[in-house]
Amino acid sequence: MTCGACHHGGRDIIKRREECHLHSVLQDSYRRGYRVAPFKAQNMSLNAAVTPSGAEIGRAQAVQAEACGIEPNEHMNPVLLKPTAFNASQVVLQGQVYGTKTTESYFREQRQAIWARVEESYHLLERNFDVIVIEGAGSPVEINLKEHDIANMRVAEMADADVILVADIDRGGVFASVIGTLALLTPTERARVKGIIVNKFRGDASLFIQGVRMLEEAAGVPVLGVVPYVPDIGIDEEDSLGLEGERYRPGDRVHDDVLHLGVIQVPHISNFNDFDPLYRAPGVSIRFCQRPQDAADCQAVILPGTKNTIDDLRWLRERGFFEAIWHAFANGAAVVGICGGYQMLGVEVEDPLGVESQQSWSPGLHLLPVRTVMASNKATYQAAGRTTLYSSLPVSGYEIHMGETTPLVGVQPFARIARRNEDILRDDGAVWHEGRVIGTYLHGVFDNDGFREAWLKSIRLRFGLDQRVTGETNYRERRWHAICHFADVVRAHIDTSTICAWIRHGTASNG
């Protein structure tokens, strides 16, 4: 059970932790002519994005900004927690690294310095938008942790916002979840809850009509809608829980003309949404590999981003992935590393300052002649340029990394890029073995249709597969259509007139 609120000096709405209605509520308000912004005080996720100014925020908030038709900024997600190890997270505060904190040290600091920045970010948004849709995190009634909670009812109180509870019926226990949450709220908090939405209903919703009545009687507030389960809505996942969804289930690996791709699912995997475009590509079967044998028949192996490169390299060695990746390469497979995956492909990774790991050094996979040294400063930039492969194709994306990677010999860069708001060109990444091994710091590189299709075609050519298979002509446009479609689904199943009345009341009373 999770909660949220929406407000512009007045009141309103909503939250669901994974695959939430938030995208659709934001999009609906945007369509109605309001200036709308998302706000999530604290997010814990390794899926991140970079704003135009170079600030880092949760990937979910960047997509929510896209649904609003605006560019994201650091005030939409003032606190981002990125787990680095057991009981420790890197804290990103208003888009910049604040430090790596244990749970205990973070709790000590958040009630003063960190909360002050949350308030500051909210009030900056409040001054510039008509409607702010506030998303909570986890449960609003984790009573043993409630004094440390800066994402749920404390934010609603600060914003003087109404609250809607959103219950995931697909997980079961929806009545206990809603009624138990309401029972554990204080009377003041309980008074803020104005409605309930039941999410992810499978089957015939008419069979739940009596359930709606019973839920309203027990809760004392209206059920504003029952939203159907939408398989693979096509919007970026918030965090690693999304890897369990239908989108990432392995495809057909039997047909002779299917290209088999494997993404190594390292323990600290980050920004796995980088590979969503490959799941949409026709003639491609892609899977997240948790065992070395999962990569045995792959014609391309991808090493994703990670929040702890050295520890994940150790995990790869101990579980036999080094041998599996070398074997795949020896059999002709292409190998790609993105961000931390790029660092892993090199000769070695050093962390002399303990930025990510308690280990100061690790050997890499030796598939690229580069070495990486972790630095205390984080690079966060949007960037664009052209590849050195496939007739100099345009590419764009964003960088989020702590390390500096240096070529050891005359290695060819993957691309020549310019970071946003800079005029100079820089080398990005590295290419080896005539393009069979690619490393890059650009997240989102597979969103670029031309590069993605050229890379897939080169692998098909090497393995003698059908060259006539082509994919999306505009993946980013497809994602926008997915946002709009989900907004239409949610609008058709919730009481939008009541929600809009709350919004009008809030904006009018503060107008």
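1. With a disulfide taken as a pair of cysteine sulfur atoms within 2.5 Å, the count of disulfides in this predicted model comes to 0. The sulfur of Cys289 has its closest cysteine sulfur in Cys298, at 4.7 Å, which is too far for a bond. Cys289 is buried at a relative accessible area of 0%, and Cys68 is also counted as buried, at 1%; here buried means under 20% relative accessible area, exposed over 50%, and partly exposed in between, with a 1.4 Å probe and protein chains only.

2. A word on the basis of these remarks. The model is predicted, so that local features need pLDDT of at least 70 and side-chain atom pairs count only at pLDDT 80 or more, whereas totals for chains, interfaces and linings use all residues. Residues are numbered from 1 along each chain as its sequence is written, and side-chain values use heavy atoms, with hydrogens and water left out.

3. Which residues does Leu316 touch, not counting residues up to four places away in sequence? With contact meaning heavy atoms within 4.5 Å, the partners of Leu316 are Ile264, Val266, Leu303, Phe321, Phe322 and Met344.

4. If a salt bridge is a side-chain nitrogen of Lys or Arg within 4 Å of a carboxyl oxygen of Asp or Glu, the count comes to 36 salt bridges. One of them joins the side chains of Glu56 and Lys82 at 2.5 Å, N to O; because Glu56 lies in strand β5 (residues 56–58) and Lys82 in strand β6 (residues 79–85), the pair ties together parts that are 26 residues apart in sequence. Glu56 is buried at 1% relative accessibility, and Lys82 is buried with a relative accessible area of 4%.

5. Glu56 also meets Lys378 in a salt bridge, at 2.8 Å from N to O. This pair links distant parts of the chain, with Lys378 in strand β21 (residues 370–387) and Glu56 in strand β5, 322 residues apart. Lys378 counts as buried at 17% relative accessibility.

6. A salt bridge is formed by Asp168 and Lys200 as well, their closest N and O atoms being 3.9 Å apart. Asp168 belongs to strand β10 (residues 162–168) and Lys200 to strand β11 (residues 193–201), so the pair links distant parts of the chain, 32 residues apart. Both Asp168 and Lys200 are buried, the relative accessible area of Lys200 being 11%. The backbone of Lys200 deserves a check, for its phi is near 60 degrees, a positive value in a residue other than glycine.

7. Glu434 likewise calls for a look at the backbone: it has a positive phi of about 55 degrees although it is not a glycine. Glu434 is placed in the loop between β25 (430–432) and β26 (437–440), and this residue is exposed, with a relative accessible area of 85%.

8. Helix α2 (residues 59–67) is mostly covered, with 8 of its 9 residues buried, namely Arg59, Ala60, Gln61, Ala62, Val63, Gln64, Ala65 and Ala67. Arg59 is linked with Glu66, Asp236, Asp447 and Arg479 in a network of salt bridges. Just after α2, Gly69 takes a positive phi of about 75 degrees.

9. Helix α3 (residues 103–126) spans only 30 Å between its end C-alpha atoms, whereas a straight helix of 24 residues would span 34 Å at 1.5 Å a residue, the expected span being 1.5 Å times one less than the number of residues. A kink of about 70 degrees in α3 is centred on Gln110, the bend at a residue being the angle between axes fitted to the seven residues ending there and the seven starting there. Gln110 is among the buried residues of α3, which also include Tyr106, Ile114, Trp115, Val118, Tyr122 and Leu125.

Terms used:
Helices (H or I, at least four residues) and strands (E, at least two) are DSSP runs, numbered from the N terminus.
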